[in-house]
Amino acid sequence: MASTGTTSTPVRQVPGLPEDAAGQGDRPIDPNRPPLDERRPGGRTGRRVRRGLVIAALVAMSFVFLYPFAWLLAASLKGRGQVFDNSLWPSEFHWGNYVRVFDELPLGNWMINSVGIAVLAAVSVAVSSSLVAWGFAHFRFPLRGFLFGLVLATMMLPGAVTMIPIYLIWKELGFLGTWVPLFGANLFGSAFYIFLQRQFYLGLPRELFEAARIDGANQWRTYWRIVFPLSLPSFIIVLLFEFQASWNNLQAALIYLNAGSPEDFTAPLGIAYAMTRYSPTAGGQGDYQYVMVAALLVTLPMLALFAFGQRYFIEGVATQGRKG
Amino acid sequence: MTQLRADAAPAVAPSSRAARKRRTPKVPYNRREALAGYLFISPWIVGFLVFTAGAMIYSLVISFSHYNLATNTARPAGLDNYAQLFSDPRVATSLANTLFYAVLAVPLEILVALALASLLNQAGRGAGFFRTVYYLPKMTPAVATAAVFFLLLNGNTGAINQFLRIFGIEGPQWLVDPAWIKPSIVMMTLWGVSGTMVIFLAALKNVPRELYEVAELDGAGVWQRFRNITLPMISSAIFFNVIVLSIAAFQVFDQAYLLFWRDQSNASPEASLFYAIYLFQQAFRQFNFGFAAAMAWLLFLIIMVITAIQMKFGNRFVYYEGGRD
């Protein structure tokens with residue numbers, strides 16, 4: 001409820017109203033003055049204290065959220081014996097971990113595989129969902145409402161129900177052990193993204209496309225030349241979301257790639273493999289520093305993605321809450 | 001494909017719904033336009049027929065058969081697989097574990113996310129910075145989270161118990177003691193609670209400030225304002241998050257798999273056997289496709305029932321701006 005001070009209050013917007021509506025008429029009109037609730041008599045110090053408490057709580061929570069990252073970074077630079085010591089400053093910096101990990105584990109392959117699959121998954125789902133969304137948003141055709149209801153209904157379906165038949169389909173088509181099952185279904189659009197992009201299209205002024213029609217552009221040209229460029233923001237949201245979803249996808253990799261050789265794994269599957277490989281109970285040596293290097297290197301691309309597209313992520317998540 | 005995000009919040013303002021209906025004229029469809037529309041949505045139609053509708057029917061058929069993967073043949077099983085759902089004690093175990101996890105995780109996620117969102121909403125200029133920091137765990141792949149927490153939660157050497165020792169508390173053997181396994185996974189889930197938080201933050205920003213100002217002039221305290229203004233105004237966001245988080249909780253897999261079930265030893269504690277884990281094992285370790293398909297349908301049924309109950313219950317307290325239609 002404390003605000004940045006630029007938020008307008010209803011009192012301020014009423015012209016001609018005496019300024020001392022809040023009982024502090026002695027102060028000159030200041031465009032940056034705090035809103036009404038901070039101008040109550042005696043309210044200011046209380047607000048300041050409260051605000052201080054809020055900031056203190058936020059800082060404290062920041063430590064909770066950041067500690068595992070700091071811990072991970074430190075652990076990735078430690079030797080075998082020190083990984084468990086919880087010190088955030090390694091007693092000895094093993095920079096070589098970052099080189100040796102690539103000999104120990106086919107981490108480079110995992111990253112390349114994961115990037116390749118994630119790019120294919122993201123691009124295919126963004127393009128297909130965009131086309132479908134435009135179809136639902138712009139054209140009138142029989143059963144449109146019913147079909148769109150079906151799109152939304154598919155979001156309720158747990159993946160487990162279709163997991164086995166889809167596996168059998170890919171098996172029948174000879175795609176087991178390839179990348180295809182990890183992005184193939186994305187070529188046909190995905191419900192949430194269709195919903196998200198349709199929302200965006202519904203917000204575009206219809207006259208724009210009718211003008212293009214009069215100029216003689218066909219539907220495809222209209223979509224490609226006008227709609228697609230305009231919808232780039234929602235397109236980017238879908239790309240980023242799906243890239244992340246694909247990058248994190250452990251289960252599909254387990255189903256389709258686990259039987260192959262470790263070089264063909266994706267990053268999440270690789271981490272699972274590495275955990276077992278170094279686990280003392282499975283005969284490993286407890287070299288968890290390599291697992292930590294791998295975990296860090298697998299996380300970094302996501303942090304980079306967030307640094308680049310933070311507002312798209314936040315907007316996309318907030319859209320989820322608004323749907324329906 | 002996304003399965004977790006349910007379409008839950010029926011928050012369309014009734015006025016706009018009515019307006020849309022009015023706008024649709026009762027003229028015959030333009031044939032060329034309709035054709036173009038079908039062409040644009042044709043990828044989804046094909047995908048739906050194959051990967052959703054077709055797969056569902058196929059899954060149903062498989063659930064009534066004994067499927068032999070080696071020969072790709074299925075022989076009818078009648079209700080055997082469904083009967084096995086009741087006779088196999090591990091189905092009950094995994095269901096109980098999952099339910100326990102959901103009941104623990106969902107309310108905590110809601111509370112923590114709402115508390116964080118409220119704090120952020122009062123942070124003023126610094127909010128953007130803290131939001132970024134809080135969102136980082138959400139960007140971390142579940143496997144990386146699990147790998148780190150695997151060591152943080154170690155009962156003897158882990159940082160969490162080391163921290164507790166400062167206060168003279170000897171923490172539990174998080175990942176070994178059956179009683180603490182699910183709370184451990186809840187902790188990991190809570191570390192990534194920021195997605196839910198962002199949805200709450202968006203809802204909180206939509207609450208008109210005037211309401212608070214008027215209430216404050218009327219002498220309403222912090223709690224009263226929260227109870228009588230914030231809570232009703234963000235109730236549809238709470239409702240949405242409860243439904244989505246519940247559905248996700250019923251499919252919890254990654255962390256449990258990575259921590260307990262990645263090597264196929266039988267030493268894994270039963271307390272970590274979640275429904276999705278057992279289903280996955282039955283499907284892709286044992287290749288009992290028929291039984292696994294039956295398990296999947298049971299999961300679907302449970303999720304539907306729980307969602308339906310939540311919707312029925314939720315409609316009673318969710319406040320829709322402009323009234324209900």
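Strands β1(B) and β2(B) form a hairpin, with four residues between them. N72(B) sits in the turn and has a positive phi of about 55°. The model is predicted: local features need pLDDT of at least 70, side-chain atom pairs count only at pLDDT 80 or more, and totals for chains, interfaces and linings use all residues. Residues are numbered from 1 along each chain as its sequence is written, while chains are lettered from A and ligands numbered from 1 in the order in which they are written.

**Hairpin in chain B**
- β1(B) spans residues 65-68 and β2(B) residues 73-76; strands are DSSP runs (E, at least two residues), helices likewise (H or I, at least four), numbered from the N terminus.
- Four bridges join the two antiparallel strands; pairing requires at least two DSSP bridges.
- H66(B) stands opposite R75(B) in β2(B).

**Helix packing in chain B**
- The axes of α4(B) (residues 89-121) and α9(B) (residues 194-205) come within 8 Å and cross at roughly 50°.
- That makes α4(B) oblique to α9(B).
- Residues of α4(B), including E109(B), A113(B) and L114(B), meet residues of α9(B), among them T196(B), M197(B) and F200(B); contact means C-beta atoms, placed from the backbone, within 7 Å.

**Contact of chains A and B**
- The contact takes 86 residues from chain A and 91 residues from chain B.
- Helix α14 of chain A (residues 288-322) gives the largest share of the chain A side, 14 residues.

Technical notes: Contact = placed C-beta atoms within 7 Å. Axes fitted to C-alpha atoms, helices over the stretch in contact; angles between N-to-C directions. Parallel < 35°, antiparallel > 145°, perpendicular 65-115°, else oblique.
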